[in-house]
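Hi,

Here is the structure I promised to pass on. Have a look at it first, then read my notes below.

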Amino acid sequence: MAFAGMNYLAVLIAAIAAFIIGAIYYGVLGKPWMKAARIDPASAQMSPVLFAISFASELVMATMVAGVVGHLGPGDVTLVNGIASAFFLWLGFVATTLVVNHRYQGFGWDLSLIDGVHWLLVLLAMGAIIGAMGVSG
(Lines give C-alpha, C1' and ligand atoms only; values in the text may rest on other atoms or scores of the structure.)
Protein backbone atom coordinates (compact mmCIF):
# COMPACT_ATOMS: atom_id res chain seq x y z
CA MET A 1 0.00 0.00 0.00
CA ALA A 2 1.54 3.30 -1.05
CA PHE A 3 1.20 6.05 1.50
CA ALA A 4 2.85 8.75 -0.59
CA GLY A 5 0.82 11.92 -0.46
CA MET A 6 -1.21 10.79 2.55
CA ASN A 7 -2.53 13.74 4.49
CA TYR A 8 -1.50 12.84 8.03
CA LEU A 9 -3.32 15.83 9.48
CA ALA A 10 -6.55 14.53 7.90
CA VAL A 11 -5.85 11.10 9.41
CA LEU A 12 -5.35 12.60 12.87
CA ILE A 13 -8.49 14.75 12.61
CA ALA A 14 -10.47 11.73 11.36
CA ALA A 15 -9.31 9.65 14.34
CA ILE A 16 -10.20 12.43 16.78
CA ALA A 17 -13.63 12.79 15.15
CA ALA A 18 -14.16 9.03 15.44
CA PHE A 19 -13.30 9.13 19.13
CA ILE A 20 -15.72 12.01 19.73
CA ILE A 21 -18.47 10.27 17.76
CA GLY A 22 -18.01 7.14 19.88
CA ALA A 23 -18.12 9.12 23.11
CA ILE A 24 -21.33 10.90 22.14
CA TYR A 25 -22.95 7.85 20.55
CA TYR A 26 -22.33 5.47 23.44
CA GLY A 27 -23.00 8.27 25.91
CA VAL A 28 -26.52 8.40 24.50
CA LEU A 29 -26.95 4.66 23.88
CA GLY A 30 -24.90 3.37 26.80
CA LYS A 31 -27.77 1.74 28.67
CA PRO A 32 -29.29 -0.06 25.65
CA TRP A 33 -25.79 -1.12 24.55
CA MET A 34 -24.94 -2.53 28.00
CA LYS A 35 -28.22 -4.44 28.03
CA ALA A 36 -27.59 -5.81 24.52
CA ALA A 37 -23.98 -6.70 25.39
CA ARG A 38 -25.09 -8.27 28.68
CA ILE A 39 -22.89 -5.98 30.75
CA ASP A 40 -23.93 -5.27 34.33
CA PRO A 41 -23.82 -1.46 34.68
CA ALA A 42 -22.81 -1.83 38.34
CA SER A 43 -19.65 -3.74 37.42
CA ALA A 44 -18.82 -1.82 34.24
CA GLN A 45 -15.54 0.05 34.52
CA MET A 46 -13.97 2.48 32.10
CA SER A 47 -10.23 2.92 32.21
CA PRO A 48 -7.69 5.15 30.49
CA VAL A 49 -6.25 2.01 28.88
CA LEU A 50 -9.57 1.30 27.12
CA PHE A 51 -9.71 4.87 25.82
CA ALA A 52 -6.10 4.67 24.62
CA ILE A 53 -6.76 1.38 22.83
CA SER A 54 -9.88 2.88 21.23
CA PHE A 55 -8.03 5.94 19.98
CA ALA A 56 -5.04 3.93 18.71
CA SER A 57 -7.41 1.60 16.84
CA GLU A 58 -9.27 4.55 15.32
CA LEU A 59 -5.93 6.05 14.25
CA VAL A 60 -5.04 2.80 12.47
CA MET A 61 -8.51 2.69 10.91
CA ALA A 62 -8.24 6.29 9.66
CA THR A 63 -4.81 5.52 8.20
CA MET A 64 -6.23 2.55 6.31
CA VAL A 65 -9.20 4.57 5.06
CA ALA A 66 -6.75 7.19 3.80
CA GLY A 67 -4.71 4.47 2.11
CA VAL A 68 -7.76 3.02 0.35
CA VAL A 69 -9.06 6.43 -0.72
CA GLY A 70 -5.55 7.43 -1.82
CA HIS A 71 -5.39 4.38 -4.10
CA LEU A 72 -8.08 6.00 -6.22
CA GLY A 73 -5.41 8.48 -7.32
CA PRO A 74 -4.60 12.00 -6.12
CA GLY A 75 -7.20 13.61 -8.39
CA ASP A 76 -9.90 11.31 -7.06
CA VAL A 77 -9.45 12.02 -3.34
CA THR A 78 -12.72 13.87 -2.92
CA LEU A 79 -15.47 14.16 -0.34
CA VAL A 80 -17.81 11.91 -2.32
CA ASN A 81 -15.15 9.27 -3.00
CA GLY A 82 -14.06 9.36 0.62
CA ILE A 83 -17.60 8.76 1.84
CA ALA A 84 -18.29 6.07 -0.78
CA SER A 85 -15.05 4.23 0.00
CA ALA A 86 -15.74 4.37 3.73
CA PHE A 87 -19.26 3.03 3.23
CA PHE A 88 -17.99 0.09 1.16
CA LEU A 89 -15.31 -0.67 3.78
CA TRP A 90 -17.99 -0.64 6.47
CA LEU A 91 -20.38 -2.82 4.48
CA GLY A 92 -17.75 -5.30 3.30
CA PHE A 93 -15.69 -5.69 6.45
CA VAL A 94 -17.10 -4.06 9.57
CA ALA A 95 -20.81 -4.88 9.29
CA THR A 96 -20.18 -8.42 8.13
CA THR A 97 -17.65 -9.06 10.90
CA LEU A 98 -20.00 -7.71 13.57
CA VAL A 99 -22.91 -9.79 12.33
CA VAL A 100 -20.91 -13.01 12.20
CA ASN A 101 -19.20 -12.47 15.57
CA HIS A 102 -22.42 -11.49 17.34
CA ARG A 103 -24.29 -14.49 15.95
CA TYR A 104 -21.58 -16.94 17.08
CA GLN A 105 -21.36 -15.22 20.46
CA GLY A 106 -25.11 -15.56 20.94
CA PHE A 107 -25.89 -11.84 21.06
CA GLY A 108 -29.08 -10.41 19.63
CA TRP A 109 -29.50 -8.22 16.60
CA ASP A 110 -29.88 -5.19 18.87
CA LEU A 111 -26.15 -5.29 19.67
CA SER A 112 -25.27 -5.64 15.99
CA LEU A 113 -27.49 -2.69 15.16
CA ILE A 114 -26.10 -0.45 17.89
CA ASP A 115 -22.46 -1.29 17.16
CA GLY A 116 -22.99 -1.36 13.40
CA VAL A 117 -24.48 2.13 13.26
CA HIS A 118 -21.65 3.42 15.45
CA TRP A 119 -19.01 2.10 13.09
CA LEU A 120 -20.94 3.32 10.07
CA LEU A 121 -20.98 6.85 11.48
CA VAL A 122 -17.28 6.60 12.36
CA LEU A 123 -16.26 5.41 8.91
CA LEU A 124 -18.44 7.92 7.07
CA ALA A 125 -16.92 10.73 9.15
CA MET A 126 -13.41 9.44 8.47
CA GLY A 127 -14.08 9.13 4.76
CA ALA A 128 -15.62 12.60 4.61
CA ILE A 129 -12.72 14.23 6.45
CA ILE A 130 -10.02 12.40 4.53
CA GLY A 131 -11.75 12.96 1.21
CA ALA A 132 -12.45 16.64 1.86
CA MET A 133 -8.91 17.38 3.03
CA GLY A 134 -7.34 15.57 0.07
CA VAL A 135 -3.72 14.57 -0.26
CA SER A 136 -0.82 16.42 1.29
CA GLY A 137 1.04 18.85 -0.88
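Which residues do ring pairs link into a cluster? They are Phe19, Phe51 and Phe55. Rings of Phe, Tyr and Trp (its six-membered ring) pair if their centres lie within 6.5 Å; planes under 30 degrees apart count as stacked, over 60 as edge-to-face and the rest as tilted.

Before you go on: this is a predicted model, where local features need pLDDT of at least 70 and side-chain atom pairs count only at pLDDT 80 or more, while totals for chains, interfaces and linings use all residues. Residues are numbered from 1 along each chain as its sequence is written, and side-chain values use heavy atoms, with hydrogens and water left out.

Back to the rings: there are six aromatic pairs in the structure. One of them joins tyrosine 25 and tyrosine 26, edge-to-face, at 5.2 Å centre to centre and 85 degrees between the planes. Tyrosine 25 is buried, at 12% relative accessible area, while tyrosine 26 is partly exposed at 23% (buried means under 20% relative accessible area, exposed over 50%, partly exposed in between, with a 1.4 Å probe and protein chains only). Phenylalanine 87 and phenylalanine 88 make an edge-to-face pair too, because their planes sit at 65 degrees, with centres 5.8 Å apart. Phenylalanine 87 is partly exposed at 33%, and phenylalanine 88 is exposed at 55%.

One more ring to find: arginine 103 lies over the face of tryptophan 109, 3.9 Å from the ring centre (the cut-offs are CZ of Arg or NZ of Lys within 6 Å of the ring centre and within 35 degrees of the ring normal).

Cheers
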